[in-house]
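Trainee: Could you walk me through how to read a structure like this one?
Mentor: Gladly; let us look at it together.

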Amino acid sequence: MKIIRFLSQSGEELYGAFDPEMPDEARIIEGDIFGDIAVTERAERIETFLPPVFPPNIIALGLNYGKHAEETGVKYPEIPVMFLKATSSVCGHGAPILLPSAGPSEVDYEAELAVIIGKEAKNVSREDVGKYVLGYTCANDVSARDWQIHKQKKQWARGKSFDTFCPMGPYLVTKDEVANANRLRVRSILNGEVMQDSDTSDMFFDIPAIISNLSCSMTLLPGTVILTGTPEGVGFTRNPPVFLQDGDIITVSIDNIGELTNPVKRE
Ligand code: MG
């Protein structure tokens with residue numbers, strides 16, 4: 001099932017079952033998406049897409065694609081490199097990514113497959129990881145490189161946690177619809193030009209390894225979003241570098257998972 005969280009025309013916040021054949025409306029879901037749900041006959045028009053979940057934590061992986069690690073000139077990690085992104089940075093499909101008035105000028109895109117945890121996970125073995133995954137969505141790990149790396153002395157969390165720096169969606173695809181999350185084409189498209197074009201099979205640590213490893217150091221609560229890293233082709237490693245500008249349109253496209261599109265605007 002494709003599950004969206006959205007605002008209806010009357011401003012009601014709802015969960016719905018989404019059918020790409022009928023992209024303007026959704027059938028209302030009742031219940032708890034982390035427990036039992038029922039899809040009702042009632043349909044509502046989608047006014048605004050919201051992020052599919054409001055996460056208790058956003059955990060992100062750095063340097064998890066072989067070719068991206070190479071382009072950044074950093075040595076391959078021996079264990080998953082993890083950082084936290086502020087939950088206040090989430091926004092939905094169609095919402096503008098705001099170039100912060102605080103000054104970072106090197107705002108970059110990162111197309112990522114996001115995993116959404118379905119039930120509390122702690123010390124989970126690789127073999128059991130599937131029981132804890134609710135589904136997947138597209139995410140953009142927007143990053144102000146000048147704050148992430150240079151100006152603020154490698155404060156990754158600050159550079160990646162500005163408001164609107166974590167677009168997610170448009171919908172959550174439940175795991176039963178994804179045959180193999182470790183073989184999905186991942187792309188970013190900036191103003192119609194393909195910037196990243198890779199496959200989750202280039203991940204250093206696959207999804208079972210990531211979740212098993214992270215669950216050793218922290219409890220993964222239902223709704224936790226894990227950004228699994230970005231492939232090569234990000235803006236700051238290009239020559240000349242490419243950074244997001246007012247008026248740009250950036251899309252994260254992942255086969256079988258969806259297309260997340262956001263305009264870029266000045267705050
Ligand atoms: Mg990233």
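Trainee: How many salt bridges does the rule count here?
Mentor: Side chains of opposite charge can pair when their charged atoms come close. The rule asks for a side-chain nitrogen of Lys or Arg within 4 Å of a carboxyl oxygen of Asp or Glu, and by it the count comes to 13 salt bridges. One of them pairs lysine 85 with aspartate 141, with 2.6 Å between the closest N and O atoms. Lysine 85 sits in strand E7 (residues 81-85) and aspartate 141 in the loop between strands E12 (133-140) and E13 (143-144), so this pair ties together parts that are 56 residues apart in sequence. Helices (H or I, at least four residues) and strands (E, at least two) are DSSP runs, numbered from the N terminus.
Mentor: Before we go on, this is a predicted model: local features need pLDDT of at least 70, side-chain atom pairs count only at pLDDT 80 or more, and totals for chains, interfaces and linings use all residues. Residues are numbered from 1 along each chain as its sequence is written, and side-chain values use heavy atoms, with hydrogens and water left out.

Trainee: How much area do domain 1 and domain 2 bury between them?
Mentor: The size of an interface is often given as the accessible area lost when the parts come together. Here the bounds, from an automatic or database domain assignment, are 2-49 for domain 1 and 58-266 for domain 2. The two bury about 900 Å², 66% of it on carbon and sulfur atoms; buried area is the accessible area (1.4 Å probe) that two parts lose on being put together, summed over both. In domain 1, Lys2, Phe34 and Phe49 lose the most area to domain 2, together 64% of what that side buries.

Trainee: Which residue forms a salt bridge with lysine 2?
Mentor: Glutamate 177 does, its closest O atom lying 3.0 Å from the lysine 2 N atom. Across the interface of the two domains, the rule finds one salt bridge.

Trainee: What about the backbone: where are the cis peptide bonds?
Mentor: Most residues other than glycine have a negative phi, and most peptide bonds are trans. In this model a cis bond joins glycine 169 and proline 170, with omega about 0°, and proline 170 lies in strand E14 (residues 166-174). Another cis bond joins asparagine 239 and proline 240, also with omega about 0°; proline 240 is in the loop between strands E17 (225-227) and E18 (249-254).

Trainee: Which value of phi does asparagine 191 have?
Mentor: Asparagine 191 has a positive phi of about 50°, although it is not a glycine. Look for it in the loop between strands E15 (185-190) and E16 (193-199).
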